[in-house]
Amino acid sequence: MLARDYETQVCSIARALEVIGERWSLLIVRSILQGHRRFDALQGELGITRSVLTDRLRRLEAEGVLERHPYQTRPERFDYVLTEKGLALWPALNHLMQWGDHYYPEADGPPVTIEHTGCGGGPDTHQLCDRCGARLDPTNITSRPGRTPRP
């Protein structure tokens, strides 16, 4: 991670990368946005070790990107829910996905598509629905599997 010394590098991007720049961190946020909110579900979805996942979840919680909500007491277990700060990452993640789909396309099409739950349209480059023009955000979209992966 970047050093927290910004005397020579006053940059909002550097400060943001200090929190979310490690690759697992953004993938955790993506997976929570897609509905994987429990530790075991996140671990299975990501194929990440328990220790790395624990470390990243703690860091994201400490930074206010997500919160833990208990759903079981014995043993104690939590749902991981994005805060307003975490939800605000959706446009950046969507732009990264669009960039990856454009510059690194899969032969069978994109692995995931985003659908506006109101009309079935998708996000344009301005985060508006390409069908009805509504502003899209995590509350009115659904992630759907795109192409079927080849074995």
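**Helix α4 and its packing**

Me: What makes the span of α4 in this predicted model close to the expected one?
Reply: Helix α4, residues 50–62, has 13 residues and reaches 18 Å from its first C-alpha to its last. The expected span is 1.5 Å times one less than the number of residues, and for α4 that is 18 Å, so the reach is close to it.

Me: Which residues of α4 are called buried, and why are they placed on the same side?
Reply: Leu53, Arg56, Leu57, Arg59 and Leu60 are buried, that is, under 20% relative accessible area. They cover an arc of only 160° around the axis, so they lie on the same side of α4.

Me: Which residues are exposed on the other side of α4?
Reply: Ser51, Arg58 and Ala62 are exposed there, the cut-off being over 50%.

Me: What covers the buried residues of α4?
Reply: The cover includes the helices α1 (12–20), α2 (23–33) and α3 (39–46), along with the strands β1 (66–73) and β2 (76–82).

Me: How do α3 and α4 cross, and which residues meet?
Reply: Their axes come within 11 Å and cross at roughly 120°, and the crossing is right-handed. From α3, Phe39, Asp40, Leu42 and Gln43 meet Arg50, Leu53, Thr54 and Leu57 of α4. The residues of this contact divide into 4 nonpolar, 2 polar and 2 charged. Phe and Leu count as nonpolar, Asp and Arg as charged.

How values were computed
Residues are numbered from 1 along each chain as its sequence is written. This is a predicted model: local features need pLDDT of at least 70, side-chain atom pairs count only at pLDDT 80 or more; totals for chains, interfaces and linings use all residues. Side-chain values use heavy atoms; hydrogens and water are left out. Helices (H or I, at least four residues) and strands (E, at least two) are DSSP runs, numbered from the N terminus. Buried means under 20% relative accessible area, exposed over 50%, partly exposed in between (1.4 Å probe, protein chains only). The arc is that of the directions from the helix axis to the C-beta atoms. Contact means heavy atoms within 4.5 Å. Axes are lines fitted to C-alpha atoms, for helices over the stretch in contact, and angles run from 0 to 180 degrees between N-to-C directions. A crossing is left-handed if the near helix is turned anticlockwise from the far one by less than a right angle, and right-handed if clockwise.
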